[in-house]
Each structure stands twice: as structure tokens, then as C-alpha cells.
Amino acid sequence: MKKSKVVVFGSFVMDLMARGPHLPRPAESVKGTMFQMGPGGKGFNQCVAAHKAGAEVTMVTKLGRDSFADVALDTMKELNMSSEHILYTDQVSTATALVVVDENTAQNQIMVIPGSLNTITADEVAGIESLIKEAEYLLIQLEVNQDANELVVDMAEKYGCKVIMNLAPYSPVSDAFLAKAYMVTPNEVEAEGMTGIVVSDTESAKKAADILREKGIEIVVITLGSRGAFISTKDRAELVPAFKVNAQDTTGAGDAFNGGLLAALSEGKDIWEAARFASALAALSVQKKGAAVSMPWRNEIEDFLAAQK
Ligand code: ADP
């Protein structure tokens with residue numbers, strides 16, 4: 001099978017998670033019961049998902065010079081991923097997310113410190129030109145400085161590299177930027193942010209998808225959690241249902257799905273086949289705790305799909 005090369009340009013974030021009997025009030029110090037840390041960030045999760053699914057994918061992100069950067073690099077090495085195009089700064093720290101969870105109510109408080117992810121320069125984007133030139137698809141999110149996203153998308157356009165935009169976490173972007181997307185993959189919240197339509201079912205997803213397609217986007221994929229993904233193309237619009245599984249942890253479901261889409265598209269699968277593959281990948285990932293660490297390997301995805309027949 002001939003696979004094309006693909007690039008994920010986005011975030012690595014070190015997730016630091018603490019659980020305790022209640023969330024701290026201002027100035028209160030609470031004795032917690034559990035601490036866990038692990039590699040995350042939407043870009044990284046999506047890249048790991050695509051890589052483990054068999055894609056020839058390159059990660060571009062920016063790290064500090066600190067021990068969290070070492071975690072990123074060690075994880076990539078363990079998974080046999082290339083770190084050749086990782087960027088560094090010694091001015092600020094690697095991006096972190098501090099997550100505090102109330103173990104009784106599961107409510108949380110999250111503080112994200114973008115650090116290195118806010119510092120990608122025009123020269124650094126120019127430095128990946130040869131990578132973008134050779135790639136068929138570029139997948140981006142909204143966790144790095146937006147001017148860098150704009151530059152890399154323009155570069156992709158110049159070389160005919162198709163851009164998949166996962167505009168998460170949602171913040172407004174210009175219509176001119178959106179129109180450069182070959183595909184967008186919002187969840188319900190992001191689709192509402194992009195269109196003003198409250199997306200809750202297939203019908204509202206179709207309305208939102210129509211608006212997005214009118215903005216010049218060829219393929220719109222709106223993910224609807226355990227219901228599946230609504231997909232709209234020039235000649236077909238329908239729901240690709242999710243697989244019924246016993247979900248343990250749905251954080252990162254969207255990342256799993258995006259990584260799966262990227263991997264399948266790079267093998268020349270059409271969007272409908274790719275969405276089925278991505279749904280299987282996501283269904284496997286939600287059955288395990290964690291984001292990057294819960295992404296399944298290619299053989300697990302194939303076995304899962306074969307067992308559905
Ligand atoms: P996000 O994490 O960005 O909010 P979604 O929750 O919409 O993304 O999930 C993305 C995809 O993951 C869905 O389209 C579906 O295929 C799959 N998925 C999500 N939750 C479940 C679940 N509980 N069971 C099976 N598949 C799921």
C-alpha cells in the first residue's frame with residue numbers, strides 16, 4: 001500500500017493531574033489523594049493516534065528546555081516517532097496543563113500554560129517548508145500562536161498540501177483562514193462557535209455543515225460524541241454512527257478520531273471509509289484511561305473492525 005506523507009503542526013502539553021476530596025477554594029491548601037502526569041496536547045495526541053494507526057506522520061511542535069520536554073522526546077522515542085522537526089526555546093517552559101479533580105463530583109479546574117507553544121516564529125515555520133512540500137495532508141489545531149498557524153496553512157496552500165483544521169479549543173478565526181481548509185472537524189461546541197447553530201443532532205449538524213461548506217470548505221465532519229460523526233461532502237451528507245462500546249474515559253476521543261482520519265486518508269481511503277476507521281480508533285481509545293497513552297495500534301483497529309462484520 002502506498003501511503004502519502006502527512007504532518008501534524010500543533011501542541012505538546014504536559015498534563016499534570018491531581019485528585020482530592022474537594023476543589024481548593026482561593027488560598028486553601030487541600031491534601032490530595034492522587035497525582036498523575038502524562039504527555040498530552042491535542043497535536044501530540046492526534047499525531048500519536050495517526051502514527052500508531054500506521055501513518056507516515058511527522059510531528060511539529062515547540063518545547064522548552066526542561067524535563068517535560070524530555071518526557072515528550074522519550075515518549076516519541078519509545079513509540080519510534082521522529083523528533084527531527086521538534087522546535088525548542090530556552091526562554092519559556094514547555095506547555096503544561098494543571099488539572100485538579102474533585103473525586104466525589106468529578107468536577108475539575110484546569111489551568112493551561114501555553115509557554116513554548118506561544119512562541120513559534122515565522123523563521124521556524126519557514127524551516128519546515130520541505131516537509132510541507134512533500135506532504136499530502138497537514139493537520140492543525142488551535143493550541144499554538146495563531147500567526148504560526150496562518151503561515152503554515154499558507155505554505156500548505158502554496159504546495160497543494162490539503163489542510164485539515166481541528167479548530168479546538170474553539171476560538172474565532174477569520175473566514176479567509178477557514179476557506180483555506182480542505183476539511184474541518186469540529187465537535188458540537190466548536191461547530192456552534194463556528195456557525196451560531198446549536199448542534200445537538202443530525203438535523204442541526206446538517207445545518208451547521210451547510211454553512212461551513214458555503215464558506216468554501218470541501219468536507220465538513222462534525223463529531224457528535226457517542227452518536228458518531230456527521231459528514232457532509234459535495235454529493236453526500238450523512239451520519240457515520242459511533243461503535244457501541246463501554247466507555248471509560250472520553251477525553252481525547254476527538255483527538256483519536258482526528259488522528260484516525262489523517263492516517264486513513266493518507267492511505268487513499270475515501271472520507272466514508274476513513275471515518276469508519278477513525279470511529280473504530282476512537283471507540284478503542286475511550287475504553288482506556290488517558291489520552292495519548294490510550295491510542296490503539298494498527299492491529300487492534302483492524303481486529304476491532306473485522307469483529308464488527
Ligand atoms: P471531542 O472529544 O472533540 O468532544 P467527540 O466526543 O465528538 O469529540 O468524539 C469524537 C468521536 O469519537 C465521535 O465521533 C465517535 O466516533 C467517537 N466517540 C466519542 N465518544 C464515544 C463513545 N462513548 N463511544 C464510542 N465512540 C465514541
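Q: A helix is a DSSP run of H or I with at least four residues, and helices are numbered from the N terminus. In this predicted model, which helix gives the most residues to the shell around the ligand?
A: Three elements each supply at least two residues of this shell: strand 13 (228–232), helix 9 (253–266) and helix 10 (271–285). The element that gives the most supplies 3 residues, and it is helix 9.

Q: How many charged residues are in the shell around the ligand?
A: There are 17 residues around the ligand, and Asn 187, Thr 223, Gly 225, Gly 228 and Gly 254 come nearest. The shell divides into 9 nonpolar and 8 polar residues. The number of charged residues is therefore none, as Asp, Glu, Lys and Arg are the residues that count as charged.

Q: What percentage of the ligand's exposed area does the protein bury?
A: An oxygen atom of the ligand is 2.8 Å from an N or O atom in the side chain of Thr 223. An oxygen atom of the ligand also lies 2.8 Å from a polar backbone atom of Gly 225, and one lies 2.9 Å from a polar backbone atom of Gly 228. Taken alone, the ligand exposes 560 Å², and the part of this that the protein buries is 83%.

Q: Why is the pair of Phe 12 and Phe 44 given its class, and what is that class?
A: A search of the whole structure finds 3 aromatic pairs. In the pair of Phe 12 and Phe 44, the ring centres are 5.0 Å apart and the planes stand at 90 degrees. Planes over 60 degrees apart fall in one class, so this pair is edge-to-face.

Q: How many residues apart are Phe 12 and Phe 44?
A: Phe 12 is buried, as is Phe 44. Phe 12 lies in the loop between strand 1 (5–9) and strand 2 (13–20), whereas Phe 44 belongs to helix 1 (residues 42–52). The pair thus links distant parts of the chain, and the separation is 32 residues.

Q: Is Phe 304 buried or exposed?
A: Phe 304, in helix 11 (residues 298–307), pairs with Phe 243, in the loop between strand 14 (237–241) and helix 9. The pair is edge-to-face, with 5.1 Å from centre to centre. The relative accessible area of Phe 304 is 15%. Because the limit is under 20%, Phe 304 counts as buried.

Q: Over the ring of which residue does the charged end of Arg 236 sit?
A: The charged end of Lys 269 sits over the ring of Phe 277, 5.3 Å from its centre. For Arg 236, the charged end is 4.0 Å from the centre of the ring that it sits over, and that ring belongs to Trp 272.

Note on methods. Residues numbered from 1 in each chain as written. Predicted model: local features only at pLDDT ≥ 70, side-chain atom pairs only at ≥ 80, totals over all residues. Heavy atoms only, no water. Near = heavy atom within 4 Å. Polar contact = N/O pair within 3.5 Å; in protein donor to acceptor, adjacent residues only side chain to side chain. Areas by Shrake-Rupley, 256 points an atom, 1.4 Å probe, with all protein chains shown as cover. Phe/Tyr/Trp six-rings, centres within 6.5 Å; stacked < 30°, edge-to-face > 60°. Buried < 20%, exposed > 50% of the residue type's maximum accessible area, 1.4 Å probe, protein only. Lys NZ or Arg CZ within 6 Å of the ring centre and 35° of its normal.
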